[in-house]
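Visitor: Please show me the model, and then we can go through it by question and answer.

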Amino acid sequence: MRRLRNRLAGALLSVLALTLSATGCAGSAEAESDAGTGSGAAAATDPVADRVEPLAKTPEPKLPVTVRSADGEQVTVERAERVVPLSGSLSEIVFTLGLGDRVVARDVTATFEQAARLPVVTRGHDVSAESVLSLRPDLVIAETTTGPEEAVDQIRAAGVPVLFVEAAGGLDDVGPRIRAVADALGVPAAGTELTQRSEDRIAAVREDVEDVSHGDRPRVAFLYLRGSASVYLIGGKDSGAGSLIEAAGAVDAGAASGLEKDFTAITSEALVKAAPDAILVMSKGLESVGGVDGLVKIPGVAQTPAGLDRRIVSVEDGVLLNYGPRTDQVLKSVVAQLYGDGDR
């Protein structure tokens with residue numbers, strides 16, 4: 001995610017500025033955490049496991065190492081006894097490498113079971129340098145879009161190594177992100193092993209939809225919803241969901257309809273032009289608009305094939321666009337919900 005949070009930043013500011021009921025510029029990760037449960041019918045779900053699956057053998061870091069950070073800096077890691085990943089996706093990678101016992105804090109989007117009791121020091125762009133430094137970290141791992149910049153600079157100025165990892169944008173980013181984290185932790189072999197496992201599992205799910213002919217591929221629109229702030233967006237070319245939708249044997253309806261921006265405010269005209277056969281949403285976003293009953297009341301949704309058929313695909317917020325070790329499960333869930341049994 002984000003990943004999604006960061007792609008949404010500009011779009012959210014624009015939409016919120018035009019929304020009468022806007023509630024301010026709270027970080028989207030906070031919105032994800034605080035969204036109401038709503039009411040109405042729920043979408044069918046095929047949930048992703050709430051736990052990560054660490055490698056069978058726990059690796060032993062070989063340090064010190066010097067690695068190149070995605071911001072161009074050379075970062076030397078002397079120790080990795082106390083690690084602070086500043087996103088849920090990065091936390092997932094560290095835990096799945098088998099080094100979760102070294103993680104001392106989490107981002108609000110690290111919702112999997114093993115991380116649930118860790119203190120929260122990050123909410124999207126709202127990194128607290130003071131909170132991070134109070135934990136005496138040996139290494140901080142951040143997304144290239146982590147912020148505010150001043151907070152990250154403050155952490156580095158205190159002498160703590162900060163590794164930036166390129167933000168995820170699609171399935172091709174799974175391996176490079178895993179290897180970047182593993183290299184910085186001094187466990188490159190484990191990174192290679194986890195990359196292979198993750199890519200093999202994704203490939204296995206993709207094989208299941210290879211027989212979907214091009215003409216039969218469903219059109220899927222990714223909608224970002226936050227009913228509490230009256231934020232309703234449709235994903236376009238750079239939303240981050242296109243890679244996942246295509247891997248599920250479908251067509252990204254927003255991109256195919258000509259939406260070049262990452263996110264655009266939902267209008268009846270945009271939805272009619274996208275003509276989705278199914279709608280992909282985050283689970284808390286769906287809850288925030290009152291479930292499927294509330295979703296189809298958003299102008300234009302009921303007039304789409306997806307709205308008429310109430311064909312909604314819902315995946316938990318903290319994992320949908322992580323593009324990490326659980327992405328195969330996310331893809332499997334999307335495929336199961338999109339096609340159902342025997343539909344392919």
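Visitor: Among contacts in the protein chain between residues at least 6 apart in sequence, what share joins residues at least 24 apart?

Guide: This is a predicted model, in which local features need pLDDT of at least 70, side-chain atom pairs count only at pLDDT 80 or more, and totals for chains, interfaces and linings use all residues. Residues are numbered from 1 along each chain as its sequence is written, and side-chain values use heavy atoms, with hydrogens and water left out. A contact means heavy atoms within 4.5 Å. Among contacts between residues at least 6 apart in sequence, the share joining residues at least 24 apart is 70%.

Visitor: What percentage of the residues of the protein chain count as buried?

Guide: Buried means under 20% relative accessible area, exposed over 50%, and partly exposed in between, with a 1.4 Å probe and protein chains only. The protein chain has 344 residues. Of these, the buried part is 55%.

Visitor: How many helices and strands are there in the protein chain?

Guide: Helices (H or I, at least four residues) and strands (E, at least two) are DSSP runs, numbered from the N terminus. By that rule the protein chain holds 14 helices and 14 strands.

Visitor: In what order do the strands of the parallel open sheet stand?

Guide: Two strands pair if DSSP finds at least two bridges between them. β3 (83–85) and β8 (162–165) are the edge strands, each pairing on one side only. β3 pairs with β7 (residues 139–143) in the parallel sense over three bridges, and the bridge partner of Val-83 in β7 is Leu-139. The order of the three strands is β3-β7-β8.

Visitor: What angle does the direction of helix α6 make with that of β8?

Guide: Axes are lines fitted to C-alpha atoms, for helices over the stretch in contact, and angles run from 0 to 180 degrees between N-to-C directions. Helix α5 (residues 149–157) packs on the sheet, touching β7 and β8, and its direction makes about 140 degrees with that of β8. Helix α6 (residues 174–184) also packs on the sheet and touches β7 and β8, and here the angle is about 165 degrees.

Visitor: Which residue with positive phi follows α6?

Guide: Within α6, the buried residues include Val-174, Ile-178 and Val-181. After α6 comes a residue with phi near 75 degrees, Gly-186.

Visitor: Which element gives the largest share of the lining of the second largest pocket?

Guide: On a 1 Å grid over the protein atoms alone, a pocket is an open set of points with protein on both sides within 12 Å along at least five of seven lines, where a 1.4 Å probe fits, and lining residues have an atom within 4 Å of a point. The second largest pocket has a volume of about 180 Å³, where grid points are joined across faces, edges and corners and the volume is the space filled by probe spheres set on the points. Of its 14 lining residues, the closest to the centre are Arg-68, Ala-70, Phe-164, Pro-176 and Ala-180. β1 (65–68), β8 and α6 each give two or more residues, and the largest share, four residues, comes from α6.

Visitor: Why is one side of β4 and of β6 left without a neighbour in the sheet?

Guide: The open sheet has the order β4-β5-β6 with mixed pairing. β4 (106–107) pairs with β5 (residues 120–123) in the parallel sense, whereas β5 and β6 run antiparallel and are joined by two bridges. One side of β4 and of β6 (126–127) has no neighbour because each stands at an edge with a single partner strand.

Visitor: Which residue stands opposite Met-282 in β14?

Guide: Strand β13 (residues 278–282) and β14 pair in the parallel sense over four bridges. In β14 (residues 312–315), Ile-312 and Ser-314 point one way and Val-313 and Val-315 the other, and all are buried. The residue opposite Met-282 is Val-315.

Visitor: Is Ser-257 buried or exposed?

Guide: Ser-257 lies in the loop between α9 (253–256) and β12 (263–265). Not counting residues up to four places away in sequence, Ser-257 touches Arg-219, Lys-273 and Ala-274. With a relative accessible area of 10%, Ser-257 is buried.
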